Amino acid sequence: MSPKLALLCLLAVTASAVVFEDHEYEFLFTKWVQHHQKSYDAENFFYRFGVFKANLDYIYKHNQENHTYTLGMNAFGDLTREEFFSTHLGLNNIKRDYIRSVNEADLDDVEIAESLDWRTEGAVTPIKDQGQCGSCWAFSTTGSTEGAYFLKKGELVSLSEQQLVDCSTSYGNEGCNGGFMDYGFEYIIDNGITDEADYPYKARDQKCSTGKPVKATISSYKDVKAKDSNAFLAAVNIGPLSIAIEADQNGFQFYSSGVFTGTCGVNLDHGVLIVGYGIDGANKYYILKNSWGTSWGEKGYMRIVDKPTLNGGAGQCGMMLNPCYPVV
């Protein structure tokens, strides 16, 4: 069997056995290691093999049940849930006195489309990868800023997350240790932001590099009223929307396709971007742009269920608690 075919089998997880035979685990892990160019010492190899087996079993069990979404093995297959989410989240929420209602958006007169996908309108840059740095907040900040700048200026510019990681600490952010989108907007209001080419992403904290050319600016930003599904929908119709969710679940780590309806709470720990919405059968959904690379989800995206009554009005995974967007 070719490595490519083996990987497809692995992603599908359609074997008829309840568990795989030892030699099958070994074969699949070997192919996975080759595909993702992993390298371990002898001791770590067996530990990672055990983690991989447990993750594969979890994926298989989920996909044998009746769900609206599927899981699949991906580049994170040798990481435990705790290991993965300690490095791939990074939202530090309200860390100083902050009253969202002071900056609340007035969205009463926004026209609402039946369905929407800002990707097809040219307002969304390609999927990015934050790596093992808790900088999700920076990617959410640039994502909505890229969209707002395109819709105002007609130019799609891939903006620099690394600049926010390195340079916005005095605004309340902590680089790879986490941050908050509103604080990122405040930095851009005061300083502007350059593009990826002039300040490339390194997935680590660095000293702030000053003097980079400003490629985009914003005049202000708006917070969307919490637990208000109508305001949330209206805000998405203005442009790509920065939101916070709770993503520390196995279902997020190995999400592959479908409308995500998995169990999650409202302990917000991950910043992402909403770029549209639609309906799949009986399930309304929002299109979520993540920052975990294209091997995750639907080529880097998730369709997350739109059920605003969940979690006391906070919506799926708390998505309606802290939406915000910039104004160019």
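The following dialogue explains how several terms are applied to this predicted model.

Me: What makes a local feature or a side-chain atom pair count in this model?
Reply: The model is predicted, and local features need pLDDT of at least 70, side-chain atom pairs pLDDT 80 or more, while totals for chains, interfaces and linings use all residues. Residues are numbered from 1 along each chain as its sequence is written, and side-chain values use heavy atoms, with hydrogens and water left out.

Me: How do you know that the span of helix H2 agrees with its number of residues?
Reply: Helices are DSSP runs of H or I with at least four residues, and strands are runs of E with at least two, numbered from the N terminus. The expected span is 1.5 Å times one less than the number of residues. The 14 residues of H2 (residues 22–35) should therefore span 20 Å, and the end C-alpha atoms are 20 Å apart, which agrees. Just after H2, glutamine 37 takes a positive phi of about 55°.

Me: Why is the pair of tyrosine 171 and tyrosine 187 called edge-to-face?
Reply: The structure holds 26 aromatic pairs. In this one, the ring centres are 5.6 Å apart and the planes stand at 85°, so the pair is edge-to-face. Rings of Phe, Tyr and Trp (its six-membered ring) pair if their centres lie within 6.5 Å; planes under 30 degrees apart are stacked, over 60 edge-to-face, and the rest tilted.

Me: Why is tyrosine 171 called buried, and why is tyrosine 187?
Reply: Buried means under 20% relative accessible area, exposed over 50%, and partly exposed in between (1.4 Å probe, protein chains only). Tyrosine 171 has 17% relative accessibility, so tyrosine 171 counts as buried. Tyrosine 187, at 6%, therefore counts as buried. The buried residues of H2 are Tyr25, Leu28, Phe29, Lys31, Trp32 and Val33.

Me: What makes lysine 53 a charge over the ring of tyrosine 25?
Reply: A charge sits over a ring if NZ of Lys or CZ of Arg is within 6 Å of the ring centre and within 35 degrees of the ring normal. The charged end of lysine 53 sits over the ring of tyrosine 25, 5.1 Å from its centre. Lysine 212 likewise lies over the face of tyrosine 199, at 5.7 Å from the ring centre.
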